[in-house]
Amino acid sequence: AQRVILHVPRVNALFPHSNTLPSFTFLFIPLLLTGALCEPALPRGERSFTVLSVFALSLGVMFTMSRSGFVLLPLSLIGALLTGVRHGATPSARRLGMMLLICLALMGLALSGPVMERFANAPSASGEARHEFNDAALAMADDNPLGVGLNCYADVLSTNPVYRRDLRVLRHERSAGVCHNIYLLTAAETGWVGLAI
């Protein structure tokens, strides 16, 4: 809906940054697809709805224009499809898995141009912003023994001038973004002790 109705170039759904959406959906995409292909008691309508849901989630990942999403989406889909084809509950589920593998390959060919363009021409500001976010996470971890709170990094970075003062790339953005380094993000949100645990 964000892409079609609001014309958002990089969709983010309910997350503060578009790169968070793929990470969240990758918790579900392989499980849904494997379940759709391997669960023998799943009614045909639910199987179709589940596969359609996987397609919608995958489309959402593609619309984030996240480079990690571009790499991890096909890997998670191929892993789930190969598992489904090998251990499919019924012959029709195995045929569905093979058909989806073929569709995935064709879709990959069709989207290869924009994906390669995204990798080749990624703005240097993207890398610079990541360094700024990492530095802010280090500062939060150093200043807060117990961290700033779970899922609070983006809010603290967006609202606290102490951590915003060193931002250059995104200094004019209302919502500053997220730290892409999971270890530094964990240290910022739970403190160094939380990271160690």
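**Group meeting: helix packing in a predicted model**

Let's start at one residue. Glycine 84 touches Leu37, Cys38 and Arg94, leaving aside residues up to four places away in sequence. A contact here means heavy atoms within 4.5 Å.

Some ground rules. This is a predicted model, where local features need pLDDT of at least 70 and side-chain atom pairs count only at pLDDT 80 or more, while totals for chains, interfaces and linings use all residues. Numbering runs from 1 along each chain as its sequence is written, and side-chain values use heavy atoms, with hydrogens and water left out.

Back to glycine 84. Its place is in helix H4. Helices here are DSSP runs of H or I with at least four residues, strands are runs of E with at least two, and both are numbered from the N terminus. Is glycine 84 buried or exposed? Glycine 84 counts as buried, because its relative accessibility is 0%. The cut-offs: buried is under 20% relative accessible area, exposed is over 50%, and partly exposed is in between, using a 1.4 Å probe and protein chains only. Leucine 33 is 51 residues from glycine 84 in sequence, and the C-alpha to C-alpha distance is 7.7 Å.

Now the overall picture. The protein has 9 helices and 0 strands. Along the sequence the pattern reads α-α-α-α-α-α-α-α-α. The C-alpha atoms fill a box of roughly 60 × 40 × 30 Å along the principal axes. The protein has 197 residues, and 36% of them count as buried. Take the contacts with a separation of 6 or more: 65% of them join residues 24 or more positions apart.

Next, helix pairs. Axes are lines fitted to C-alpha atoms, for helices over the stretch in contact, and angles run from 0 to 180 degrees between N-to-C directions.

First pair: H2 and H3. Helix H2 covers residues 29-38, and packs on H3 at about 155 degrees with the axes 9 Å apart. H2 and H3 are therefore roughly antiparallel. On this scale, under 35 degrees is roughly parallel, over 145 is roughly antiparallel, 65 to 115 is roughly perpendicular, and the rest is oblique. H2 passes H3 in a left-handed crossing. Left-handed means that the near helix is turned anticlockwise from the far one by less than a right angle; clockwise is right-handed.

Who makes the contact? From H2, the residues are Ile29, Leu32, Leu33, Ala36 and Leu37. From H3, they are Arg47, Thr50, Val51, Val54, Leu57, Ser58 and Val61. By class, the H2 and H3 contact has 9 nonpolar, 2 polar and 1 charged residues. Nonpolar covers Ala, Val, Leu, Ile, Met, Phe, Trp, Tyr, Cys and Pro; charged covers Asp, Glu, Lys and Arg; the others, Gly among them, are polar.

H3 is residues 44-63, H4 is residues 67-87, and their axes come within 9 Å and cross at roughly 160 degrees. H3 and H4 are therefore roughly antiparallel too. H3 passes H4 in a left-handed crossing. Val54, Ser58, Val61 and Met62 of H3 meet Gly69, Phe70, Leu73 and Leu77 of H4. The class count for H3 with H4 is 6 nonpolar, 2 polar and no charged residues.

What about the loop between H3 and H4? Threonine 64 has its place there. Threonine 64 is buried, because its relative accessible area is 0%. Beyond four places in sequence, threonine 64 touches Arg10, Val11, Ser18, Leu21 and Pro22. Methionine 65 lies in that loop as well. The phi of methionine 65 is near 60 degrees, a positive value in a residue other than glycine.

Asparagine 151 also has a positive phi, near 60 degrees, and is not a glycine. Asparagine 151 is found in the loop between helix H6 (124-143) and helix H7 (153-159). At 71% relative accessible area, asparagine 151 is exposed.

Now aromatics. How many aromatic pairs are there? The count comes to 1. Rings of Phe, Tyr and Trp (its six-membered ring) pair if their centres lie within 6.5 Å; planes under 30 degrees apart are stacked, over 60 edge-to-face, and the rest tilted. Phenylalanine 24 and phenylalanine 28 form an edge-to-face pair, with 5.1 Å centre to centre and 65 degrees between the planes. Phenylalanine 24 is partly exposed at 37% relative accessibility. Phenylalanine 28 is partly exposed, at 37% relative accessibility.

Last stop: isoleucine 182, in helix H9 (residues 182-196). Isoleucine 182 is exposed, with 51% relative accessible area.
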